[in-house]
Amino acid sequence: NEVNNTIDDDGNGLKDDIYGYNFNGYSDGKDNADVYDYVGHGTHIAGIVGAIGNNNLGIVGLNPDVEVIPVSFLDKSAQGTQLEAALAITYAIDRGAKVINCSWGFKYRTNTLYDAIKYAAANNAVIIAAVGNNGSGTEKYPAGFDEVIAVSSINNNETFSRFSNYGYHVDFALYGEQVYSLMPEISFSYKSGTSQSTAILSGIVSRILAYDNTISPTQMKVLLQKSAKDINIAGVDRYTGHGVPQISSLISL
C-alpha cells in the first residue's frame, strides 16, 4: 500500500518504504527509504543466499526462490548504532522475515539490540550472525546472544580461517574465504569473511524452511547439529563449534 510520494501511505510510520528501509541516521531524523547498496557488502551476502539462476550471470544462490527484504542501518563507512540495528531487525520481522542474516557485529552487548533479537526469536525467526574477523576471542553481538546461531569461517580445505574470531559461543563453521557472489550494477567479486560464512548458512536454512516452514528455530539448530561434520577438535570446540553442516546429511534427516 506504499507509494513513492513522501507520504506514509500504509501507516507504518515510515515514508516510501516500497522496497525496504534504511534506518541509518534514525536518531537524527535522517533515516529514509533509500536501500541502494553503495558499498556492495549487502549485495554480496544476498547473492550467496538467493541469486536467481538460469540467466547465464554469475552464480546461483543456495535458495534462488527466496524473498529478500533489503534493510539498511550502516552507512558507507560501516557505522551504525545498535538502536538502528534493532529497528532494522524489528522491521524485517514485522514484514514476515523467517531468517535474519546478521553479517555484522558490535563489540558491546546492549539490551536495545537484545530486545530485538528476543522479538525475532519470539516470532520463530532463525537468527544467524557472523562472529567477526579480528582473529581473536572477542565476542561480538548479536553472535554472542544465546538465541543466535553464531558462525565462524573455514577455507575450502576445511582449515580454520586465520581472520575468524572464535569462542565457545560459536555454533558452526562454514566457508568464508574467496567466496564468489554478486556486486551492485551486475558485477561480481570474491570476498572473504565470517559474513560470507553466515550467508551460506542463511541460504541453507532458508532452503530448508522452503520445504517445511513449520520447523522452529530450536528444531533447526538440532537439525544442523545432527548433520555437522566435526573437522577440528573432537566434540564441540571454540573454533568451529559443532562443525560444518552437511547438506547431504540434512537431506537424509
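## Overall fold

Six helices and eight strands make up this protein, and the model you are looking at is a predicted one.

The C-alpha trace spans about 55 × 45 × 35 Å along its principal axes. A compact globule of 253 residues would have a radius of gyration near 18 Å, and the protein agrees with this because its own value is 18 Å. Buried residues account for 45% of the 253. Among contacts with a separation of 6 or more, 58% join residues 24 or more positions apart. The accessible surface comes to about 12,800 Å², and carbon and sulfur atoms contribute 48% of it.

## Helix α1 and its partner α4

Let's start with a helix pair. Two packed helices are described by the angle between their axes and the distance between the axes. For α1 (residues 41–50) and α4 (residues 194–211), the angle is about 35 degrees and the axes are 8 Å apart. Their crossing is right-handed. On the α1 side, the contact is made by H41, H44, I45, I48 and V49; on the α4 side, by S195, Q196, A199, I200, S202, G203 and S206. Sorted by class, this contact has five nonpolar residues, seven polar ones and no charged ones. An α-helix has 3.6 residues a turn, so residues three or four places apart point the same way.

How much of α1 is covered? Seven of its ten residues are buried, so the helix is mostly covered. The buried ones are T43, H44, I45, G47, I48, V49 and G50. Their cover includes α4 together with the strands β3 (99–102), β7 (179–183) and β8 (187–191).

## A closer look at S206

S206 sits in helix α4 and belongs to the contact with α1. Is S206 buried or exposed? S206 counts as buried because its relative accessibility is 9%, under the 20% cut-off. Leaving out residues up to four places away in sequence, S206 touches V49, N63, V66 and V99. Of these, V49 is one of the buried residues of α1.

F106 lies in the loop between β3 and α3 (111–122). With a relative accessible area of 15%, F106 is buried. Which residues are in contact with F106, leaving aside neighbours within four places in sequence? They are F73, G80, T81, Q82, A85, L113, E139, K140 and Y141. The C-alpha atoms of F106 and A143 are separated by 9.0 Å, although these residues are 37 apart along the chain.

The peptide bond from Y141 to P142 is cis, with omega near 25 degrees. P142 is found in the loop between β4 (126–130) and β5 (149–154).

## Backbone details to check

Most residues other than glycine have a negative phi, and most peptide bonds are trans. Two residues here have a positive phi without being glycine. D16, in the segment before β1 (21–22), has a phi near 65 degrees. N56, in the loop between α1 and β2 (71–72), has a phi of about 55 degrees.

What is the relative accessibility of each? D16 is buried, with a relative accessible area of 12%, whereas N56 counts as exposed at 82%.

Methods. Residues are numbered from 1 along each chain as its sequence is written. This is a predicted model: local features need pLDDT of at least 70, side-chain atom pairs count only at pLDDT 80 or more; totals for chains, interfaces and linings use all residues. Side-chain values use heavy atoms; hydrogens and water are left out. Axes are lines fitted to C-alpha atoms, for helices over the stretch in contact, and angles run from 0 to 180 degrees between N-to-C directions. Helices (H or I, at least four residues) and strands (E, at least two) are DSSP runs, numbered from the N terminus. A crossing is left-handed if the near helix is turned anticlockwise from the far one by less than a right angle, and right-handed if clockwise. Contact means heavy atoms within 4.5 Å. Ala, Val, Leu, Ile, Met, Phe, Trp, Tyr, Cys and Pro count as nonpolar, Asp, Glu, Lys and Arg as charged, and the others, Gly among them, as polar. Buried means under 20% relative accessible area, exposed over 50%, partly exposed in between (1.4 Å probe, protein chains only). The radius of gyration is taken over C-alpha atoms; the globule rule is 2.2 Å times the number of residues to the power 0.38. Accessible areas come from the Shrake-Rupley method with a 1.4 Å probe; for residues, only the protein chains shown count as cover.
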